[in-house]
Amino acid sequence: MSTKTTQHVKSASGAVAKALADTLRTIRTKGPSEIQFWFIALMIGIGGGLIAMGFRLGIESLQSFVYQTNQVARLHRSAAMLDWYWIVLIPVCGGLIVGLILDRFTPDGRVRAVADVIEGAALRDGRVEKREGLASAAASFVTLATGGSSGREGPVVHLVGVLATYVSGLIKADGVTGRDLLGCAVAAGVSASFNAPIAGALFALEVVLRHFAMRAFAPIVIASVAGTVVSRMIHGDVTEYFLPTTTALRFYVELPAFILLGLLSGVLAIVLMRSIFWADTIGTAVQTKLRIPRALRPAIAGGLLGVIALWFPHIIGVGYGITSDALSGRLLFWQAVVFAAVKVIAVAITMGGRMGGGVFSPALVVGSLAGLAFGMVATGLLPDYSGTAALYALAGMGAVAAAVLGAPISTTLIVFELTGDWQTGLAVMVAVSMSTAVSSRFIAGSFFLTQLERRGVRIAAGPQAYLLSTFDVATVMRSMDHPRGASLEDCEALIQRGIYVAHDATLDRAMPLFENSGESFVPVVRQKKDAPAEVRGALFHVDALRAFNRALAAVSAEEHA
């Protein structure tokens, strides 16, 4: 062996030995804490699974009592047999209870759901509102049990987020740990709801945390699997929907049809989302103009739903029964079209009326109905070159849901876990890619991110857009007695020109002042009613930029950990 080769061998051996020593040192110093965190993730996963199952079983029990049926999966059929006044009265009473709950326990009468969990992950160190969250869960529980037309997954996501917030408070978790715990809870809740552990884990990473850091992956997977195990122990190892055994795809010849279905699904997702936003805007305007008490708004929405349910009882509840009918091909073409249109209207009324619930299940319902109608046309035109209409229903379900949720990866995997068929997964993936491409042109990332945009919370644009709002001016400013602070005379001169920022403002309000004025600092004032402004300090441009750069670096380090 040559001297050069021997040197290479020694060098390689030394590198391996160093790597092994570093690994052993990491296990010795950080291993116990990692194992402890994984144990906490396991406990949160079990708790999240129990919450998801408890929420589901509770809704089904109350539905069974209210509508006097044991077949809650076919609730629309049982409701159709009731007297007409019960069909109208039940959602009105439910809406009144919801209104009273939200009016008493929330400052704005708004139900908390997935959007608030995303906001908590981005802006609140992985924490969500606890009191408002519990009230929202109760409101959504009543809504779904008494005829509201929305989904249960959104409330479950926020409810398990409350669990993660409690745990974060107990262990005094920092921002990174708090966000990881929130991701664990969400993964457990989603996986338990759909019996889909892979999709649950990726949903937490893709939608809530909005990154795929390896550090967060292991505990989130542990929690997701734990949630699924709890679900299977309670509900059994069964899929949420009944799927036909023959979903054969005529492979490449049929893929163009799924591209067209994806484009149609993207448009339909936009219609669904904008209908909800439009209904919320109109409802608020009407409520303000007529001075309707906030507590009565859900009851009025419940009355409208009850009237619609007289002719279309399938809008009642989550809608898993009608989705199963679509996936099994048990509906006629015009039934699928009309049911999809009515479902969009019912969902808009429910959420615009501030009744509660989420948008996940409604997207699945609308997508499956639209996909079935499209599939009937496609298979009817080319019967020798196409599979079943039920396959189109499955692809449409995934495509609309992916566009609404802004989660193409996890939505595709949910459908794949429901079927276990890679050809079906390929068809869904094609439709999902087209639908998300279309919807992203008109919606800020997803339904949830658009909700936040409407509240002035700019998370869709990325950390550079929202990080400034996480810093209070008071924590970055230099006080009046700071050795390198601004003089009182210079501050008063700028105040006379209208250049100042409030003491309780955040940096996103202050940064435009630097851009517009060209000044190196702006005065920070505290204003009291009927009193002159009190100068508390000065915010320097360089200090604001330094804080912003540090925050960006911290986000980048977390996302690539």
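In this predicted model, G302 is buried, its relative accessible area being 0%, where buried stands for under 20% relative accessible area, exposed for over 50% and partly exposed for values in between (1.4 Å probe, protein chains only). G302 belongs to helix α11, which covers residues 297-311; helices (H or I, at least four residues) and strands (E, at least two) are DSSP runs, numbered from the N terminus. In space, G302 and T143 lie 8.8 Å apart, C-alpha to C-alpha, although 159 residues separate them in sequence. Residue numbers start from 1 along each chain, following its sequence as written. Because the model is predicted, local features need pLDDT of at least 70 and side-chain atom pairs count only at pLDDT 80 or more, whereas totals for chains, interfaces and linings use all residues, and side-chain values rest on heavy atoms, with hydrogens and water left out.

The strands were examined next. Four strands make up an open sheet in the order β1-β4-β3-β2, with mixed pairing, two strands being counted as paired if DSSP finds at least two bridges between them. The edges of this sheet are β1 and β2 (501-502), each of which pairs on one side only. In general, the strands of a sheet pair through backbone hydrogen bonds, either parallel or antiparallel. Strand β4, residues 534-540, is mostly covered, with five of its seven residues buried. Strand β1 (residues 478-479) runs antiparallel to β4 and is joined to β4 by two bridges, and S479 has G537 of β4 as its bridge partner. Strand β3 (residues 521-526) is likewise antiparallel to β4, with six bridges joining the two; here V522 is partnered by L539 of β4. The pairing of β2 with β3, by contrast, is parallel and extends over two bridges, with V524 of β3 as the bridge partner of V501.

On the surface, a nonpolar patch is formed by F39, L42, M43, I46, L50, L57, V225, V229, M233 and I234, which together have about 880 Å² of accessible area. Patches consist of residues with over 30% relative accessible area and no salt bridge, with like charges joined within 9 Å and nonpolar side chains (Val, Leu, Ile, Met, Phe, Trp, Tyr) within 5 Å; a salt bridge is a side-chain nitrogen of Lys or Arg within 4 Å of a carboxyl oxygen of Asp or Glu. Two or more residues of the patch come from each of α1 (3-66) and α9 (214-235), and α1 gives the most, with six residues.

Across the whole structure, 12 aromatic pairs were found, rings of Phe, Tyr and Trp (its six-membered ring) being paired if their centres lie within 6.5 Å, with planes under 30 degrees apart counted as stacked, over 60 as edge-to-face and the rest as tilted. The pair of Y85 and W86 is tilted, because the ring planes are at 45°, with the centres 5.9 Å apart. Y85 is partly exposed at 40% relative accessibility, as is W86 at 42%. Ring pairs link W84, Y85 and W86 into a cluster.

Zero disulfides are present in the structure, a disulfide being a pair of cysteine sulfur atoms within 2.5 Å. C93 is partly exposed, with a relative accessible area of 38%, whereas C491 is buried at 0%.

Definitions and conventions
Areas by Shrake-Rupley, 256 points an atom, 1.4 Å probe, with all protein chains shown as cover.
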